[in-house]
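Please examine the structure shown below before reading this report. The sections that follow describe selected parts of it in turn.

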Amino acid sequence: MSDSLRHECGIAVIRLLKPLAFYEQKYGSPLYGFQKLFLLMEKQKNRGQDGAGIGAVKLESAPGKPYMFRDREIKEDALTRIFNRQLKKYDKLVRKGAIIPEFTPSVKDHFEFGAELYIGHMRYGTSGEFTRSCCHPYFRRSNWPTKNLMVAGNFNLTNTDSLHQQLVERGQHPVYDTDTQSILEEIGFHLDEEHTALYRDLRDQGVPGPEIQEVINEKLDTVSIIHRAAATWDGAYCVAGLVGNGDAFVMRDPNGIRPCWYYHDKEIVAFASERVPLMTIFAVDAGSVREVAPGHVVVVKRCGTVDEQPFTARRELLGCSFERIYFSRSNDPDIYRERKALGAALCKHVLPVIDFDLDHAVFSFVPNTAEVAYHGLLEALHEYRRSELCEQLLKAYHDRSLSPSLIEELVAGNWPRNEKIAHKDMKLRTFISQEKGRSKLVSHVYDITFGIVSPDDTLVVLEDSIVRGTTLQESILKILSLARPKRIIILSTAPQIRYPDCYGIDMSELSKFIAFKSAIALLKQRGQDQLIMDVYQAAVEELQKPTEAMTNVVRSIYAPFRPVEISRKITELVYPQDIAWNGEILIIYQSIEDLHKAIPEHRGDWYFTGDYPTPGGYAVVNRAFVNYYENRSGRSYDWPAA
């Protein structure tokens, strides 16, 4: 995806199931858990670069000693900064003699992150400010261990305003109105309620004070707490939490929109947003890593037991297809196969356009994340050519015209030509992002390989997806045009993005989508401006209804047009105007049908189809159109129901 998007965050949770001394003796370090946390987060840096945060809980700490710790950073290379900062503290304590690594009680007593329970978060912000205080984990403090709570997650809720109001009506005074704060306070409220009920019951039974906390530790019902806390959440979420007594939980939304995986053996329980980091770090195969079931919460009690239970009714499984198309790393075996299938599916669309003439077509890809799909496209092209060659040879054999010279001629020609055409200049990209107002430099983010494409060639370049079209217009097409091909074809492994996302990806403004711009331009071009006003009035009416009763009226904007008509208009809109080359440009998108064939188990496609998995999605899409029509910028989330 050449367009820059903020998207899903990454989480990591580590729970050591044995004393620190075990890991020091077996692995040579009392910081085994701390190191594994860093590795899990490092392997998920693709999921967030706005900031990072870590937290820890020490088990069995003596009264008077702190037992919960947190460190967060928002500067560049936040993850590295956090771990270097903490390791410098550790090394300093070792030099002073306060810590003797082989004597693990000294590590636990003096090093804040010498703990048994860890949480980590890589942030891509879709709400709140971009400050350290907005980095996860969020912390709720108390003198009671079972009232202390630390949470981090990969989520976005559509009804933050109503959740915030719910806290106010309860009598609370929340300082922030982000969905993270709402989640923290909602879980915290029910955690307090559970604790208080248990405490009063035990006190009335005459249980001695020093024993009460131990009994509460055993009886605390995390599943019930999560069930009550999440009852009114609308959105997508994977939320991890640490309780001060040493309990931990990881929960996943009932549609399975946001991903989460975990690995469990006799020594450790570990969670991550992606499967491969767990496979790599613990050297296990895919079958050893389990997916947290949608609508379930995995609870790790302070005693070390692990239990997965439903906290709400399971709904239709609609895992985010963008995770598979672009966001998650492609070294997951399933994602690798799916991305190749996405590329292969485009073969049948591009071959007729180039008149099946592979001799005069050069295939490439941009950006690097599209490489796996590109290999799928090439395999499909080779399969086509092999099939064609077999037919030609069989025909020549039956015609009795087969000869060594003919075989050589047939075998030598019309094979796919694959080249690395565009190269991204990462240093220039960083410079531009740091220097605002440098739009004239954007076209030089990519370099091109000269001398590969001839004037008779069609240059076919595969993309992950095309969202806004700005990078395509301002950079990619300008650079590709320098090769002077006869024409340029851009293939998108994703269908046209027509509707806002409100479940993790920061793309909620309709006016920024090139597909939406094209549909609006076509309506105006054909004198159908009245339809735009009609949809606006319908959207206003929808927003007066309860959220559960809303429908997506924005579909009417696209209804008059076939996908190919919108694609043609997109081509017109993104065609660079300030280039010397005047060749033809064509954009070909993936079809919805082929998307689902390639990714059969992750059918979340609301940004393509407008079919949202939760009621809040319909409120968002209608609000987004109202914002567009009224020329308002900003997120279209948090529209309260009437």
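Predicted model: local features only at pLDDT ≥ 70, side-chain atom pairs only at ≥ 80, totals over all residues.

Which residues of helix α7 are buried?

Helix α7 spans residues 209–219, and its buried residues are Ile212, Gln213, Ile216 and Asn217. When the helix is seen down its axis, these buried residues fall within an arc of 135°, so they line one face of α7.

The buried residues of α7 pack against α6, which covers residues 179–204. On the face turned away from the buried side, α7 carries the exposed residues Pro210 and Glu218.

## The open sheet

How many strands form the open sheet, and in what order? There are 7 strands, arranged as β3-β2-β4-β1-β10-β9-β11, and their pairing is antiparallel. Strands β3 (68–73) and β11 (290–291) stand at the edges with a single partner strand each, so one side of each is left without a neighbour in the sheet.

## Helices lying across the strands

Helix α2 (residues 32–42) lies across β1 (10–16), β2 (51–57), β4 (117–123) and β10 (268–272). The direction of α2 is at about 160° to that of β1.

Helix α3 (residues 78–96) lies across β2, β3 and β4, and runs at about 135° to β3.

Strands β12 (residues 296–300) and β13 (residues 306–310) pair in the antiparallel sense, and 5 bridges join them. In this pairing, histidine 296 stands opposite proline 310 of β13.

The two strands β12 and β13 form a hairpin, with 5 residues between them. In the turn, glycine 304 has a positive phi of about 105°.

## The second largest pocket

How much space lies in the second largest pocket? The volume is about 470 Å³. The lining consists of 21 residues, of which Gln496, Pro563, Val564, Ser567 and Tyr589 are the closest to the centre of the pocket.

Several elements contribute to this lining. At least two residues each are supplied by α12 (347–353), α20 (563–574), β20 (584–589), α21 (592–598) and α22 (606–609).

Notes
Residues numbered from 1 in each chain as written. Heavy atoms only, no water. Buried < 20%, exposed > 50% of the residue type's maximum accessible area, 1.4 Å probe, protein only. Helix = DSSP H or I, 4+ residues; strand = E, 2+ residues; numbered from the N terminus. Arc of directions from axis to C-beta. Contact = heavy atoms within 4.5 Å. Pairing = 2+ DSSP bridges. Axes fitted to C-alpha atoms, helices over the stretch in contact; angles between N-to-C directions. 1 Å grid on protein atoms, 1.4 Å probe; cavity = no way out; pocket = protein on both sides within 12 Å on 5 of 7 lines; lining within 4 Å. Points joined across faces, edges and corners; volume = space filled by probe spheres on them.
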